[in-house]
Amino acid sequence: MSHNERSMIPIGPYHPLQEEPEFYRLIVEGEKVVDIDVRIGYNHRGIEKLSEAKTFDQSIFIVERICGICSSSHPIACVQAVEDIAGIEVPERALYIRSIVQELERLHSHLLWVGLAGHFLGYNTVFMWSWKYREPVCDIMETVTGNRQHYAMMKVSGVRRDIEPEHVSYILKRLDELLPKIDMLKGAVLDDPVLHARLKGVGVLTKEEAINYSALGPTSRASGIPYDVRRDHPYAAYGRVKFNVITQEEGDVFAKAVVRILEMYESISIIRQCLDKMPKGPIDAKVKDVPPGEGIGHVEAPRGECFHYVRSDGANSPVRHKVRAPTYMNFPTFKATVIGQTVSDATIILAAIDPCYCCTERLAVVRPDDPNKTVMSAEDLIRLSQEKTMKIKNKMGIVC
Amino acid sequence: MSFKLNVLTKSIYVFHLSSGSCNNCDIEIIDALTPRFDLERFGIQLVGSIKHADVLLCTGSCNRLSAERVRRLYEQVPKPCFVVAFGACGCSRGLFKDSYNTVEPLDKIIPVDAYIPGCPPKPEAIIDGIVKLVKKLRDTK
Amino acid sequence: MTAHELIENLRSKFGASVKDIFEKSKKRLYVTIEPNDITGFAHFLFRDMGCRFNIATAVDSFDCFEILYHFSRDDSGIVITIRAKLKDKNDPHIDSITPIIKGAEWIEREMHELFGIEFDGHPNMKPLLLADDWPEGVYPLRKDFVPEQRDDRG
């Protein structure tokens, strides 16, 4: 590649680990990325239109399947939007159960992310171990809700299933076992000098750009914006428990990792407080009718704010149901974080926003003079990223 | 053919293809490789290139943009290659069958050899499905 | 800033351009404006009032297209929604707010694709979600959209 020659590198639409298809074009000059274009739509399933043909109860099941990992966030936001229309009061026990399920989801999502990030960087042990320690969280979900994912827990005016007394001690025991494992992962990731060299200063999203793009979740908190729906627009039981909103100032990939890892501790604390404070009582206000009106529901999903708008005309189905997932706003921050960085950092910068493509919608590098020729595949880019880590290790004299 | 099949069933290389899914199935597939379930001890591996695939594990409800690519990818795979439709979406488009963007179920686009239902199928179901596929292949030799 | 203060600020800045304000609750405000005024309101809320842009929702109502722009005032937990009604359903136009708010680029592309609304001055109006072979002029989220006939429809 000559110095001035531009090439485009494709990553995707099908790459072996990050399994949702999407299509980014990276335009590179030598080693540096100079522009990026994104084509999503590989996951577009027409959910908003489908929702209009279903009853309010049925839409929740569709909405749950917007994204596998935000599998309780979207339903909670959806039912809250409907409850907002009618001013429905949800029983207190149900509010606590919603928070517990959502924090468990945050735990398993952040563990998943740590694993994927580890893989992209060539730390496959971190990948295997964090996914292994994710399993007990999935076990808790299965015990409490009946399924490892897609919990079908939420309904308008309450929750579908109660947390039985015998589950409480089971959950607490599993969380006690998980805590030292998170400590270990935290040490492995945050204290590693190679990862410091690899991730600090990489893919920086400035506070100003984060505001311009309306970035959300850990992506914006890592850039110093202390916005968290749980604290700022309290819902479920979050107004009744104490927790910290974790922020960092640097806005780089490392800062995003720090935010996610520290949030896991907050999640465990919130679940413990909820289990302790949860009152006895009904879990469903059994409201059947939704009057005409419009409502908004938003929650803090693991990736950021999920926002739902529902309009009703008094019938059984929504007239309009707008779904906005957090990755939809975080995705375009690519323009600010990838441009000017090297190709070998592209995959980890991509992964740093924890993109849930199915919420939104995948990467490619192609030669401009022959657009049909693939110069690099996603596998190549991941390999480049892993090789960069090896080079840094060798430079530091670290034997692995 | 039977020699190839014999070798294939001893160590299956799986290429994972998502045609528009919520990602849960995709996560459960990767989960099956992690220490608790550890599919790799059976010689089953995920491969990065379609050219190395013995089994095409398809998730997702085949939306318009993906359907054409699924067809093309199937044409590129060296045969014999067996297709497994994974998850409710892969089997029949699941909840999304009435959407304007999901046109045909997977088995109308490419021939499917095995179906693993579930939303998402648990890793145990994946193991069960692969075992059944291997048995079917060995019985047809 | 309370909802009350936000309303006062809007009224004193825009006067009669604020056609209607509905305070659904202390946390939910709905403000109706003329479509021509959208860039002024977007700039005021985003730049002057420090509100965050949440998303925009297009709705196919029977007599118009409504576009709802949702903003959040996070320090007080308020969601303020600006409603603009586009009366001409055959040729719906409104100014793009993307030059003011970068985060609005995608949703305006999506609304254009799924509803057929034109966003004047949008810097990058390209398809976002639908397939390349999706027929021109067919907008799936409109109420008059007729899905294609398929044998497997019950």
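This is a short tour of a predicted model, stop by stop. Residues are numbered from 1 along each chain as its sequence is written, with chains lettered from A and ligands numbered from 1 in the order in which they are written. Local features need pLDDT of at least 70 and side-chain atom pairs count only at pLDDT 80 or more, while totals for chains, interfaces and linings use all residues.

Select chain C. Its secondary structure comes to 3 helices and 7 strands (DSSP runs, H or I of at least four residues for helices and E of at least two for strands, numbered from the N terminus). From the N terminus the order is α-β-β-α-β-β-β-β-α-β. The C-alpha atoms of chain C fill a box of roughly 55 × 35 × 30 Å along the principal axes.

Next, select chains A and B. Here 33 residues of chain A are in contact with 31 residues of chain B (C-beta atoms, placed from the backbone, within 7 Å). On the chain A side, the elements giving two or more residues are H1 (47–52), H2 (56–64) and H5 (124–145). H5(A) gives the largest share, 4 residues.

Stay on chain A and select H2(A) with H3 (residues 73–86). Their axes are 8 Å apart, at an angle of about 150 degrees (lines fitted to C-alpha atoms over the stretch in contact, with angles from 0 to 180 degrees between N-to-C directions). H2(A) and H3(A) are therefore roughly antiparallel (over 145 degrees). To see the contact, show residues including Phe56(A), Ile60(A) and Val63(A) in H2(A), and His74(A), Cys78(A) and Val82(A) in H3(A).

Technical notes
Contact = placed C-beta atoms within 7 Å. Parallel < 35°, antiparallel > 145°, perpendicular 65-115°, else oblique.
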